[in-house]
Amino acid sequence: MENFEDNQQQVTIQKASKGKQFIATVTGGIIGSVLTVAFIASPYSEQVLNKMNLETISQAIQKFEAKDEVKIDSNTQTVTAQATKGDTSFNSISDMVETASKSIVGVTNIQQAKNRYTSQNQTVKSGTGSGVIFKIVDNSAYIVTNNHVIEGASEVEITLENGQKTNAKIIGADALTDLAVLEIDAKNVSNVLSFADSSTVRAGDQVVAIGNPLGLDLSGTVTQGIVSGVDRSMSVSTSSGEWDLDVIQTDAAINPGNSGGALLNTDGQVIGINSLKISESGIEGLGFAIPSNDVIPIVNELISKGKITRPYLGVSLTDLEQIPAQYLQDLPENITNGTMVTNLNPDSAASKAGLKVQDIIVSFNETEIDGASDLRKILYTQLKVGEKVKIGVYRNGKLETITVTLTE
């Protein structure tokens with residue numbers, strides 16, 4: 001029996017392009033009428049057809065059927081997303097799912113563990129999740145999944161939609177955003193999924209989640225729902241610290257093993273990567289996906305660099321509500337928010353700038369902070385390596401400002 005990954009589960013959503021059915025109907029009606037009239041005009045049908053600009057009609061059809069999907073720059077190989085427009089190429093949700101499922105894979109985390117009877121190392125399957133094939137370059141196919149699906153793995157095994165298994169190389173992973181990129185041989189890959197523009201997603205949009213709930217025995221499971229909310233923020237604990245993850249909320253059923261799978265719009269485009277769900281007694285239909293617009297820059301950097309480069313302070317932090325009162329006696333009574341430096345790397349930029357253990361940070365980059373999560377958000381999203389940041393700290397009851405030049 002496999003142990004199923006169940007720490008976090010993901011949801012992916014895509015927005016259906018507006019007006020597609022209307023355009024399809026009107027366009028089909030106009031062109032259909034022209035051709036019908038032409039053939040009804042027998043015996044002059046051949047002459048009428050010869051006079052028609054069939055090339056123009058063909059171009060019109062292609063224009064309405066064209067969709068701006070994932071674009072891959074031939075020089076940089078970076079992935080981008082654009083909103084879809086025009087007529088969908090799918091006649092039904094079933095047709096879309098049949099195509100999209102070819103790009104959804106099973107991801108098995110294999111780790112080294114000691115056999116308690118022999119004390120020798122052996123490989124064990126520690127969990128399963130899902131992944132999305134989003135790009136093929138030369139002989140390589142790239143898969144995006146959750147970091148927590150593959151974290152700690154000595155090997156990663158991919159199960160394709162047809163049941164074929166292959167080993168994957170971990171290109172890069174990022175714990176804070178809970179994303180990872182894998183690489184496999186492209187010889188057996190027949191389809192990739194494109195990313196939609198998640199900024200266009202609205203509450204009420206119809207979405208489909210595809211993944212492998214409870215392991216590979218139920219691989220390719222499809223659930224349907226709507227976007228329940230956008231611009232949500234969820235506090236999560238990661239191996240790199242606490243983080244506020246921006247997510248899309250959906251009521252499409254998400255279960256252990258769905259992590260890393262796709263949340264799709266009705267055009268079969270990925271609007272998010274399933275990552276979280278709230279699983280408590282009496283709570284149903286609360287799943288969350290990392291928006292595609294947040295996924296794209298991370299996967300591009302992981303592919304190009306193998307890691308996410310962020311500024312580094314070199315401090316360990318503990319928020320004030322977790323600090324015993326005796327350590328806060330010198331703090332003014334009106335200061336209730338902030339975070340204390342509890343450990344400091346002596347070689348770090350913060351240490352060299354004069355920051356000390358037990359300093360209480362109350363502002364960062366001239367912005368008041370509630371705690372460590374706020375500090376990390378500013379550090380990782382607003383600042384770059386080499387920039388200077390002003391840190392407001394209380395030391396011995398007095399407010400001081402320390403300027404730190406950020407390093408990698």
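## Ground rules

Residues are numbered from 1 along each chain as its sequence is written, and side-chain values use heavy atoms, with hydrogens and water left out. Because this is a predicted model, local features need pLDDT of at least 70 and side-chain atom pairs count only at pLDDT 80 or more, while totals for chains, interfaces and linings use all residues.

## The chain as a whole

The protein chain has 8 helices and 20 strands; these are DSSP runs numbered from the N terminus (helices H or I, at least four residues; strands E, at least two). Of its 408 residues, 47% count as buried, where buried means under 20% relative accessible area, exposed over 50%, and partly exposed in between (1.4 Å probe, protein chains only).

Contacts are heavy atoms within 4.5 Å. Among those with a separation of 6 or more, 66% are between residues 24 or more positions apart.

## Helix α4 and its cover

Helix α4 spans residues 93-100, and its buried residues are Met96, Val97 and Ala100. Looking down the axis of α4, these fall within an arc of 95°, so they line one face of the helix; the arc is taken from the directions from the helix axis to the C-beta atoms. An α-helix has 3.6 residues a turn, so residues three or four places apart point the same way.

On the other side of α4, Ser94 and Glu98 are exposed. The cover over the buried residues includes β3 (104-114), β9 (206-211), β10 (221-238) and β12.

## Rings and charges

Rings of Phe, Tyr and Trp (its six-membered ring) pair if their centres lie within 6.5 Å; planes under 30 degrees apart are stacked, over 60 edge-to-face, and the rest tilted. The count comes to 2 aromatic pairs. In one of them, Phe134 and Phe195 are tilted, 5.8 Å centre to centre with 55° between the planes. Phe134 lies in strand β4 and Phe195 in the loop between β8 and β9, so the pair ties together parts 61 residues apart in sequence. Phe134 is buried at 1% relative accessibility, and Phe195 is buried at 1% too.

Trp243 and Tyr380 form a tilted pair, with ring centres 5.8 Å apart and planes at 45°. Trp243 is buried at 5%, whereas Tyr380 is partly exposed at 25%. Lys377 lies over the face of Trp243, 4.6 Å from the ring centre; this calls for NZ of Lys or CZ of Arg within 6 Å of the centre and within 35 degrees of the ring normal.

## A glycine in a loop

Gly268 is found in the loop between β12 (262-264) and β13 (270-277), and counts as buried at 9% relative accessibility. Gly268 and Asp95 are 173 residues apart in sequence and 9.4 Å apart in space, C-alpha to C-alpha.
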